[in-house]
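This briefing is written for a reader who is meeting the structure for the first time. Please keep the sequence and the 3D view open while reading, and look up each residue as it is named.

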Amino acid sequence: MKETQKQGLQTTVLHEWEQLNGTSAVTAPIWQTSTFSADTPEQLVELGESTRPSEFYTRYGNPTHRQVEATVAALEGGDAALVTSSGMGAIFASVLSLLQSGDHVVAQRTHYSATAKMFRDLVPRWGIERTFVDQTRTEEFAKAIQPHTRLIYIESPSNPLLQVTDIQAVAELAKSHGITTLIDNTFASPVNQQPLKLGIDVVIHSATKYLGGHHDLTAGIVVSSQAFIEQLWDFSLMAGSILSPFDGWLLLRGLKTLGLRVEGQNRNGLALARFLQAHPKIERVNYPGLETHPQHEVARRQMKGFGGMMSMVVKGGFPAVHALITSLKFAKCAVSLGGVETVITHVAAMWGHQHSPEQRRALGIEDGLVRISVGVEDEHDLLADFEQALSRI
Ligand SMILES: *Cc1c(COP(=O)(O)O)cnc(C)c1O
């Protein structure tokens, strides 16, 4: 981990890539090529046997990837990064590169749905044991640790209930047992939360979300020590989830407004959460920035802003949710999150694919639960839209 971030976040997203520019272009050119030539066959062999060559074969990475990686590593205060073709590509490669048969992993009871399914159904097929804990209770992490525990996997705030893990406490606990910690930092973004500074070893993002920010690409990224990223790169060469150079370039372009976008989403998020919480047709709002959130104090300690993600329970279950969603003018009924447009998702309906009604209830997913990813529309338009849509219930 680097000492401190030398420069501000917006300066970093605009200029960090330039150290790998090599041209006089003011914006990054796209390295849209699958392969690179060498002067001699010997040189080509040498390149192929080196660690992380950036001009050999694009599955090994190329200059566009390296520019994205340098930018996000600087944002998180990490030594190195590896970009992948999706958030799940980053999660899968990181978890599987760390664990082997006979190991044990501690994960949370609530995670992003594909992550939860990976731990529940896939991981045991490789002879890896796992324990799921309530992330709001640090003592449950402590109790779950076994002699063969190799990894503690956390996500905070977590999908879809916006529960908060005490990151520093879990990181310290893991360190005292020599266990690697990994966090999915997608919901917070590096603008609001920098887990490496709190003692976490590996940070993952679905860059599809806030880092890209425009609902126009899928990508993932892992930030950690040089040693971990090299080990992960070696594994990911075979996992093969390499990002297309064009999407890497789009990601680099999207990153340029990260600080501006997320600050706007922090403001809109808090305003919408307060408005919804006071509304008679809403039973409950889950947003870490509200004083009523059960882990609000922990969130205040470890987050600079509370982000644009929230969920809420609409009174009246499925029919009420249907009326709300179909009446909204700006908020799109879609999956994904973290983009500039506001998006709303009916969680129980979406989770129906991967979870039985009993599993959903056990996870606290009520029928009236919707998740909102707040965009950067003007605040008064956003609130007015929710007000008119709620009046149709
Ligand atoms: C979207 C998401 C993922 C998966 O990322 P993809 O880019 O869709 O593969 C993982 N974790 C969280 C918290 C997410 O929101």
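Two strands are said to pair if DSSP finds at least two bridges between them. With that in mind, the briefing turns to a predicted model, in which strand β8 (residues 282-286) and strand β9 run antiparallel and are joined by four bridges.

**How β9 is covered**

- Strand β9 spans residues 309-314 and is mostly covered, since six of its six residues are buried, and a residue is called buried when its relative accessible area is under 20%.
- In a regular strand, the side chains alternate between the two faces of the sheet.
- In β9, M309, S311 and V313 point one way, while M310, M312 and V314 point the other way, and all of these residues are buried.

**The largest pocket**

- The largest pocket holds about 260 Å³ of space.
- Its lining consists of 15 residues, and those lying nearest the centre of the pocket are Y112, S113, V335, M350 and W351.
- Helix α14 (residues 347-351) contributes three residues, which is the largest share of the lining of this pocket.
- Sorted by class, the lining of the largest pocket includes seven nonpolar residues, six polar residues and two charged residues.

Technical notes
Residues numbered from 1 in each chain as written. Predicted model: local features only at pLDDT ≥ 70, side-chain atom pairs only at ≥ 80, totals over all residues. Heavy atoms only, no water. Buried < 20%, exposed > 50% of the residue type's maximum accessible area, 1.4 Å probe, protein only. Helix = DSSP H or I, 4+ residues; strand = E, 2+ residues; numbered from the N terminus. 1 Å grid on protein atoms, 1.4 Å probe; cavity = no way out; pocket = protein on both sides within 12 Å on 5 of 7 lines; lining within 4 Å. Points joined across faces, edges and corners; volume = space filled by probe spheres on them. Nonpolar A, V, L, I, M, F, W, Y, C, P; charged D, E, K, R; others polar.
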